[in-house]
Amino acid sequence: MKNYAIGLAFTCLVFAGAAHADEKLAQASGCTACHSVDKKLVGPAYKDVAAKYRGNKGAEDELVKKVKAGGKGNWGEIPMPPNAHVKDDDIKTIVRWILSLK
């Protein structure tokens, strides 16, 4: 039982660390200039994005394309600029993190 508790605690710390690292990646990529986790800034809150796309099997691919190319009209009239400077793998990591938020 003690080993189970230690393993569970370790697993929780690993996942919490990964989520924190993904948030840091979003910051380093410039995403947090317009977005935050739980409130609208220039663009929607990440939690609102996650809620809108929850249950959508194609959401990850769709959002990766939107983040890379930029766009306008999905969340209002203020456009999101293209993010061509961000590596595709980093965009996928950020999008997966956003979609995991509750």
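**Reading helices and their contacts**

Mentor: Helix α3 and helix α4 are oblique to each other, and we shall come back to that pair once the overall layout is clear. Please keep in mind throughout that this is a predicted model.

Trainee: Then let me start with the layout: how many helices and strands does the chain have?

Mentor: The chain has 4 helices and 0 strands, and, when read along the sequence, its pattern is α-α-α-α. Of the 102 residues in the chain, 25% are buried. If you take the contacts between residues at least 6 apart in sequence, 46% of them join residues at least 24 apart.

Trainee: Now to the packing of helices; what describes two packed helices?

Mentor: The general idea is that two packed helices are described by the angle between their axes and by the distance between the axes. In this model, the axes of α3 (residues 59–69) and α4 (residues 88–100) come within 9 Å and cross at roughly 125°. The crossing in which α3 passes α4 is right-handed.

Trainee: Which residues of α3 and α4 make the contact?

Mentor: From α3 the contact takes A59, E60, L63, V64, V67 and K68, and from α4 it takes D88, I91, K92, V95, R96 and L99. Sorted by class, the residues of this contact of α3 with α4 are 7 nonpolar, no polar and 5 charged.

Trainee: At what angle do α2 and α4 pack?

Mentor: α2 and α4 pack at an angle of about 80°, and their axes are 7 Å apart; α2 and α4 are therefore roughly perpendicular to each other. The contact is made by Y46, V49, A50 and Y53 of α2 together with W97, I98 and L99 of α4, and by class the contact of α2 with α4 has 7 nonpolar, no polar and no charged residues.

Trainee: Next, the faces of a helix: which residues of α2 are buried?

Mentor: In helix α2 (residues 46–53), the buried residues are Y46, V49, A50 and Y53. Seen down the axis of α2, these buried residues fall within an arc of 100°, so they line one face of the helix. Just after α2 comes G55, which takes a positive phi of about 90°.

Trainee: And which residues are buried in α3?

Mentor: A59, L63 and V64 are buried in α3. Viewed down the axis of α3, its buried residues fall within an arc of 125°, so they too line one face of the helix. These buried residues of α3 pack against α2 and α4, whereas the face of α3 turned away from its buried side carries the exposed residues D61, K65 and A69. Just after α3, G70 takes a positive phi of about 80°.

Trainee: What is D22 in contact with, leaving aside its neighbours within four places in sequence?

Mentor: D22, also found in helix α1, is in contact with T93, I94 and W97 once those neighbours are left aside. Between the C-alpha atoms of D22 and W97 there are 6.3 Å, although the two are 75 residues apart along the chain.

Trainee: Where is the place of K24?

Mentor: K24 has its place in helix α1 and is partly exposed, with a relative accessible area of 43%. K24 and I94 are 70 residues apart in sequence and 9.5 Å apart in space, C-alpha to C-alpha.

Trainee: Finally, is H85 buried or exposed?

Mentor: H85, in the loop between α3 and α4, counts as exposed at 59% relative accessibility. The C-alpha atoms of H85 and S29, 56 residues apart along the chain, are separated by 8.3 Å.

Technical notes:
Residues are numbered from 1 along each chain as its sequence is written. This is a predicted model: local features need pLDDT of at least 70, side-chain atom pairs count only at pLDDT 80 or more; totals for chains, interfaces and linings use all residues. Side-chain values use heavy atoms; hydrogens and water are left out. Buried means under 20% relative accessible area, exposed over 50%, partly exposed in between (1.4 Å probe, protein chains only). Helices (H or I, at least four residues) and strands (E, at least two) are DSSP runs, numbered from the N terminus. The arc is that of the directions from the helix axis to the C-beta atoms. Axes are lines fitted to C-alpha atoms, for helices over the stretch in contact, and angles run from 0 to 180 degrees between N-to-C directions. Angles under 35 degrees count as roughly parallel, over 145 as roughly antiparallel, 65 to 115 as roughly perpendicular and the rest as oblique. A crossing is left-handed if the near helix is turned anticlockwise from the far one by less than a right angle, and right-handed if clockwise. Contact means heavy atoms within 4.5 Å. Ala, Val, Leu, Ile, Met, Phe, Trp, Tyr, Cys and Pro count as nonpolar, Asp, Glu, Lys and Arg as charged, and the others, Gly among them, as polar.
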